[in-house]
Amino acid sequence: MHADVLVVGGGPAGIATAIAARSKGLRAVVIDSRKPPIDKACGEGLLPGAVAALHSLGVELDPGLIFPFSGFRFSDEKSSASALIPIGKACGLRRTVLHRILVDRAAEVGVSFLWGTRISRFDSCGVHANNDFISCKWLVGADGHSSSVRRFAGLEAGRRHESRFGFRRHYAVSPWTDLIEVHWGEESQVVVTPTGTGEICISLFSSDSRLRMDRALGQFPDVAKRLRGARPVSTEAGAVTSLSRARAVARGNVALVGDASCTVDGIAGQGLSLAFQQALHLADALAGGNLTLYESAHRSITRTPIRMARMLLAMNASAALRRRVLKLFAARPALFSKMISIHASASTADELKAGQIVNLGWRLLWA
Ligand SMILES: Cc1cc2nc3c(=O)[nH]c(=O)nc-3n(C[C@H](O)[C@H](O)[C@H](O)COP(=O)(O)OP(=O)(O)OC[C@H]3O[C@@H](n4cnc5c(N)ncnc54)[C@H](O)[C@@H]3O)c2cc1C
């Protein structure tokens, strides 16, 4: 078998890359060791950047499958601030449903899949799998946070990054809000994302690998009260999350996309948005035969979300800072609106946004 583009990893980033590459006339093959529908611990929020990129991939989301949300609410035990997303559409969508939609779209444009396939050896000209050799012109690593392709290509990050743990579970309960709620506790955060008219997804983030949903919810009485009597409709799934980036996103004929290339801590809710935008740029670069274009687009797409994630993680690390910032957001809603507008903006006017974040940071520090 030969592929122009051989994508290792059939998660959202890999399938999106294959769809985009196929749409440019390239023969795309996706290999995944698992079989669909592939589930993964995720908060399941799609920000406007994700919805817009999906549209560019030819994926329109059926209103019956999603729960549109209009903004964010950040709260701790003392303060609460909410703001609307000013431009674009955002929604909650079950991860398994998103996966099925992407697989269907990929099949429609002629992507080939090798599901349940274990790779025994990587080679820059292809991979050895199931006693066969699949040759390729371009090898794309879309194999997530612990990417084997990244290791094979010598693109592991130079320095160690601190990891956190993310868990998610769904509950059968009518959403009480059309906002994504981020609740800040002493040692963990809980995010509430409505994913349907009768269902919400709760995700939990913590540095403590032993902390689980039931115990953590005890620290969030407002959320626990809402969930009283509600039936969990999925098992608790967990994943490692961190703020980290590969040494580079391309080397020779190998490119990295999605979490394999860069992860912004799950609390930022940006992973899917980044993955889909990167996929579109990567396909352009592959079609043009020039991965340098992808490297610079990747830098530009990720700069603002990385800065924003740093700010959110600083709020996790220092209780005093978090209290001060949340109190300030509650007292000055225009400031919080500004932050949400930068965070959720689908536009790639990156330099403008980077400047806005620096300004926002200064105002928070000195207010
Ligand atoms: C708790 C939590 C909450 C989050 N909430 C949000 C949110 O609300 N919104 C948002 O946008 N992002 C969120 N994220 C981030 C988001 O889930 C990720 O950014 C996204 O899943 C990245 O997609 P991916 O395709 O790059 O990687 P993955 O989804 O991890 O897919 C990688 C695929 O590669 C396959 N694979 C791995 N190794 C191999 C191999 N050797 N051979 C073949 N196949 C292989 C795996 O089976 C998998 O299918 C959250 C993350 C966490 C942990």
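A salt bridge is a side-chain nitrogen of Lys or Arg within 4 Å of a carboxyl oxygen of Asp or Glu. The structure holds 14 of them. This is a predicted model, in which local features need pLDDT of at least 70 and side-chain atom pairs count only at pLDDT 80 or more, while totals for chains, interfaces and linings use all residues. Residues are numbered from 1 along each chain as its sequence is written, and side-chain values use heavy atoms, with hydrogens and water left out.

**Ligand surroundings**

**Atom pairs with the ligand**

- The pairs below are polar contacts, that is, N or O atoms within 3.5 Å of each other.
- The side chain of Asp32 places an N or O atom 2.6 Å from an oxygen atom of the ligand.
- At Gly45, a backbone N or O atom is 2.9 Å from a nitrogen atom of the ligand.
- At Leu272, a polar backbone atom is 2.8 Å from an oxygen atom of the ligand.
- The ligand taken alone exposes 1,000 Å², of which the protein buries 89% (Shrake-Rupley method, 1.4 Å probe).

**Salt bridges**

- Arg168 pairs with Asp39, with the closest N and O atoms 3.2 Å apart.
- This pair links distant parts of the chain, 129 residues apart: Arg168 is in strand E12 and Asp39 in the loop between strand E2 (28-31) and strand E3 (45-46).
- Asp39 is partly exposed at 25%.
- Glu236 forms a salt bridge with Arg169, the closest N and O atoms lying 3.8 Å apart.
- Glu236 is in the loop between strand E16 (231-232) and strand E17 (237-242) and Arg169 is in strand E12, so this bridge ties together parts 67 residues apart in sequence.
- Arg169 is buried at 10% relative accessibility, whereas Glu236 is partly exposed at 26%.
- A network of salt bridges links Glu77, Glu186, Arg322 and Arg323.

Key:
A polar contact is a pair of N or O atoms within 3.5 Å; within protein, one must be able to donate a hydrogen and the other to accept it, and residues adjacent in sequence count only if both atoms are side-chain atoms. Helices (H or I, at least four residues) and strands (E, at least two) are DSSP runs, numbered from the N terminus. Buried means under 20% relative accessible area, exposed over 50%, partly exposed in between (1.4 Å probe, protein chains only).
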